[in-house]
Amino acid sequence: METTAPASSLESVRNLNLLDTEAEERFDRLTRMARRMFDVPVAFISLVDENRHWFKSRFGLELSEVSSSIPVLAEIVKFKKPIVITNAEKDARLKETDLVTGAENVRFYVGVPLRSVSGDVVGTLSIVDRTTRVFRDEDLAMLEDIARIVEKEIAEAQESTMDELTGISSRKGFYLIAEHSLSVTMRYQTEATLVIMQVAPVDVAGVSNFAAKQEAMLKAFGQLLKQFFRNSDLVGRLVADKFVVLLHETGVDAAYSVIGKLQSEVEHFCAKHSPEFPVVFSAGVAAFTAEHPRTIHQLIETAEDDLFQ
């Protein structure tokens, strides 16, 4: 079957700001609950990404993620229905996979979908055993009850890290994920560039409802940034009219090239949608390399200095 997650699911997962973040007790306690309630050695909460299922919480597994080609996980996301496999050695979707033939020795698997507020499936709550098991309808209902609690925690986590006006990461959400992203950049000896952008509206005499139009412009600009940058880049709103993006595997020269293209997009957007409401666009950059690592706070300070030069 097709293993690529639906585009709406991928978009919803990215909007959660949870991928590649640290473990959190709010999710770990629910994974422990599922593990204890069904007396299984393995339980996990997974989130779907383009090429993988990443584990936000896991117990009994050394793996932090698995390929999106694992059929059962892909099937849950695609069809939005639970899967119960009582004997994996006899299940066509699993019996030839490393999970069954390899060290994990999976024999029993149950997974239920986790949905975002919009209704898209963003991952699974799963339990695993290394012996075959019987799983009754009432057992499945109990696991689904835990999944609903996980969904509430996901919604609350998203609300605390999402900028309400623009729909991109808030300052808190950006800092949370950026620190982890920089540690990954350091581990793999690559580079990244942080860009701070300010899009300040010009208060033109005679423009009515200036405040409302300014808010609409900032909202539209946030969505423009979301569409313009790559899925691998982290975009956020720091405060008011100041935005930030962390460009992965991108040096300073390439970042300036990207900024030039973005400025053209901003000018085109303003000319098309609000010619009577011009904005001043400016940007500043700061480099992160393995040879010159810096914290996210240091990068923002450097980029702001560059912004105001």
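A residue is called buried here when its relative accessible area is under 20%, exposed when that area is over 50%, and partly exposed in between, with a 1.4 Å probe and protein chains only. By that criterion, buried residues make up 50% of the 309 residues in the protein chain. The structure is a predicted model, in which local features need pLDDT of at least 70 and side-chain atom pairs count only at pLDDT 80 or more, while totals for chains, interfaces and linings use all residues. Residues are numbered from 1 along each chain as its sequence is written, and side-chain values use heavy atoms, with hydrogens and water left out.

The protein chain holds 9 helices and 10 strands, these being DSSP runs numbered from the N terminus (helices H or I with at least four residues, strands E with at least two). Taken along the principal axes, the box filled by the C-alpha atoms of the chain is roughly 75 × 45 × 35 Å. If contact is taken as heavy atoms within 4.5 Å, then residues 24 or more positions apart account for 65% of the contacts in the chain with a separation of 6 or more.

Two serines in strands illustrate how individual positions are packed. Ser 46 is found in strand β1, residues 42–48, and is buried, with a relative accessible area of 0%. Its side chain is joined to that of Thr 124 by a polar contact of 2.7 Å, where a polar contact is a pair of N or O atoms within 3.5 Å; within protein, one atom must be able to donate a hydrogen and the other to accept it, and residues adjacent in sequence count only if both atoms are side-chain atoms. Leaving aside neighbours within four places in sequence, the residues in contact with Ser 46 include His 53, Trp 54 and Phe 55 as well as Leu 114 and Val 122.

Ser 57, which belongs to strand β2 (residues 52–59), is likewise buried, at a relative accessible area of 2%. The side chain of Ser 57 makes a polar contact of 2.6 Å with the side chain of Asp 28, and another, also given as 2.6 Å, with the side chain of Thr 31. Beyond its neighbours within four places in sequence, Ser 57 is in contact with residues among them Phe 27, Ala 43, Phe 44 and Ile 45.

Strand β2 also contributes to the largest pocket, giving the largest share of its lining, 7 residues. A pocket is an open set of points on a 1 Å grid over the protein atoms alone, with protein on both sides within 12 Å along at least five of seven lines, and lining residues have an atom within 4 Å of a point. The largest pocket is lined by 48 residues, of which Leu 19, Asp 20, Asp 49, Arg 52 and Ser 232 lie nearest its centre.

Helix α1 is the place of Leu 16, which is buried with a relative accessible area of 1%. Leaving aside neighbours within four places in sequence, Leu 16 is in contact with Leu 47, Val 122, Ile 154, Gln 158 and Thr 161.

Helix α9 shows how burial can be arranged along a helix. In α9, Ile 296, Leu 299, Ile 300, Ala 303, Asp 306 and Leu 307 are buried. Seen down the axis of α9, these buried residues fall within an arc of 120°, so they line one face of the helix, the arc being that of the directions from the helix axis to the C-beta atoms. An α-helix has 3.6 residues a turn, so residues three or four places apart point the same way.

Definitions and conventions
1 Å grid on protein atoms, 1.4 Å probe; cavity = no way out; pocket = protein on both sides within 12 Å on 5 of 7 lines; lining within 4 Å.
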